[in-house]
Amino acid sequence: MEERTELKCEIVTPEGLVMDENVAMVIVPGEMGELGILPRHAPIVSRTVVGDVRVKRHDGDDWQFLAVGNGYVKVQFDRLLMLADTAELAEDIDVARAEEAVHRADEWLAKYRGGDGGVDVRRAEQSRKRAMNRLKVGGRV
Ligand code: ATP
């Protein structure tokens, strides 16, 4: 009989545990591109960026999607630990809120382009990036 191998996938943010499940595969947005992690993957520690995490369950072909902010991933033995600034399951994403966040960021960026030196451009750009990512991931449900 084929031995079923599992990967324990934990995703943690400052607000708490977002996911803690035994799964078949996880794809995370690494700094240098997507990282596909299967059970028995070689040990790694990597920075992760704003993007989507895809989690494949054992039963059937269904994937679970999450939107994540910047963070780190560590894989060791059959355990994946992701620490991220923010993480939301696709079905928990408030799309209207993300649209408002994009709109607010655009207003800050327009002010900056208009010569307002008091605008924190990086903050506006980062917020826009997180919100656009939430729209992309939230749109998949
Ligand atoms: P907003 O201005 O809408 O709060 P933000 O960029 O300030 O957006 P973050 O700092 O990225 O928000 O996240 C703060 C907290 O709110 C995190 O816990 C994050 O998971 C949650 N969050 C932010 N936007 C959404 C959303 N659209 N749907 C669900 N949760 C969200």
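Me: Ground rule before we start: buried is under 20% relative accessible area, exposed is over 50%, and partly exposed is in between. Which class does aspartate 20 fall into?

Reply: Aspartate 20 has 39% relative accessibility, so it counts as partly exposed. Keep in mind that this is a predicted model.

Me: OK. What does aspartate 20 form a salt bridge with?

Reply: Its partner is lysine 8, with the closest N and O atoms 2.8 Å apart. Lysine 8 sits in strand β1 and aspartate 20 in strand β2 (residues 16-23), so the pair ties together parts that are 12 residues apart in sequence. Lysine 8 is at 31% relative accessibility, so it is partly exposed as well.

Me: How many salt bridges are there by this rule?

Reply: The count comes to nine.

Me: Give me another one. What does glutamate 34 pair with?

Reply: Glutamate 34 forms a salt bridge with arginine 54, and their closest N and O atoms are 2.2 Å apart. Since glutamate 34 belongs to strand β4 and arginine 54 to strand β6, the pair ties together parts that are 20 residues apart in sequence.

Me: And which side chain meets arginine 54 at 3.3 Å?

Reply: That's aspartate 52, in a salt bridge with 3.3 Å from N to O. Aspartate 52 has 7% relative accessibility, which is why it counts as buried.

Me: Which residues are joined into one network by shared partners?

Reply: Glu21, Arg57 and Asp62, through salt bridges that share partners.

Me: Switching to the ligand. Which residues come nearest?

Reply: There are 13 residues around the ligand, and Glu15, Glu88, Asp94, Arg104 and Arg130 come nearest.

Me: Which part of aspartate 94 is involved, side chain or backbone?

Reply: Backbone: one of its polar backbone atoms is 2.8 Å from a nitrogen atom of the ligand. As for cover, the ligand taken alone exposes 590 Å², and the protein buries 73% of that.

Me: Back to glutamate 88. What stands opposite it?

Reply: Alanine 67 stands opposite glutamate 88, which is in β10. β7 and β10 (residues 87-89) pair in the antiparallel sense over three bridges. Alanine 67, in β7, also stands opposite aspartate 52.

Me: How do β6 and β7 run, parallel or antiparallel?

Reply: Antiparallel, with six bridges joining β6 (residues 51-56) to β7 (residues 63-68). Their hairpin has six residues between the strands, and glycine 60 takes a positive phi near 70 degrees there.

Me: Which residues other than glycine have a positive phi?

Reply: Arginine 40 is one of them, with phi near 70 degrees. Arginine 40 is in the loop between β4 (33-37) and β5, and at 57% relative accessibility it counts as exposed. Phenylalanine 77 is another, with phi near 55 degrees.

Me: Where is phenylalanine 77?

Reply: In the loop between β8 (71-76) and β9 (79-84). That hairpin has two residues between the strands. Phenylalanine 77 has a relative accessible area of 66%, so it is exposed.

Me: What does β9 pair with?

Reply: β9 runs parallel to β1 (residues 7-13), joined by five bridges, and antiparallel to β8, joined by six. In β9, methionine 82 stands opposite isoleucine 11, and leucine 81 stands opposite lysine 74.

Me: Last one. Which residues make the nonpolar surface patch?

Reply: Leu83 again, together with Val45 and Tyr72, and the patch comes to about 320 Å². Valine 45 is in strand β5 (residues 44-48), and its 66% relative accessibility is why it counts as exposed.

Technical notes: Residues are numbered from 1 along each chain as its sequence is written. This is a predicted model: local features need pLDDT of at least 70, side-chain atom pairs count only at pLDDT 80 or more; totals for chains, interfaces and linings use all residues. Side-chain values use heavy atoms; hydrogens and water are left out. Patches are made of residues with over 30% relative accessible area and no salt bridge: like charges are joined within 9 Å, nonpolar side chains (Val, Leu, Ile, Met, Phe, Trp, Tyr) within 5 Å. Accessible areas come from the Shrake-Rupley method with a 1.4 Å probe; for residues, only the protein chains shown count as cover. A salt bridge is a side-chain nitrogen of Lys or Arg within 4 Å of a carboxyl oxygen of Asp or Glu. Helices (H or I, at least four residues) and strands (E, at least two) are DSSP runs, numbered from the N terminus. Buried means under 20% relative accessible area, exposed over 50%, partly exposed in between (1.4 Å probe, protein chains only). A residue is near a molecule or strand if one of its heavy atoms lies within 4 Å of it. A polar contact is a pair of N or O atoms within 3.5 Å; within protein, one must be able to donate a hydrogen and the other to accept it, and residues adjacent in sequence count only if both atoms are side-chain atoms. Two strands pair if DSSP finds at least two bridges between them.
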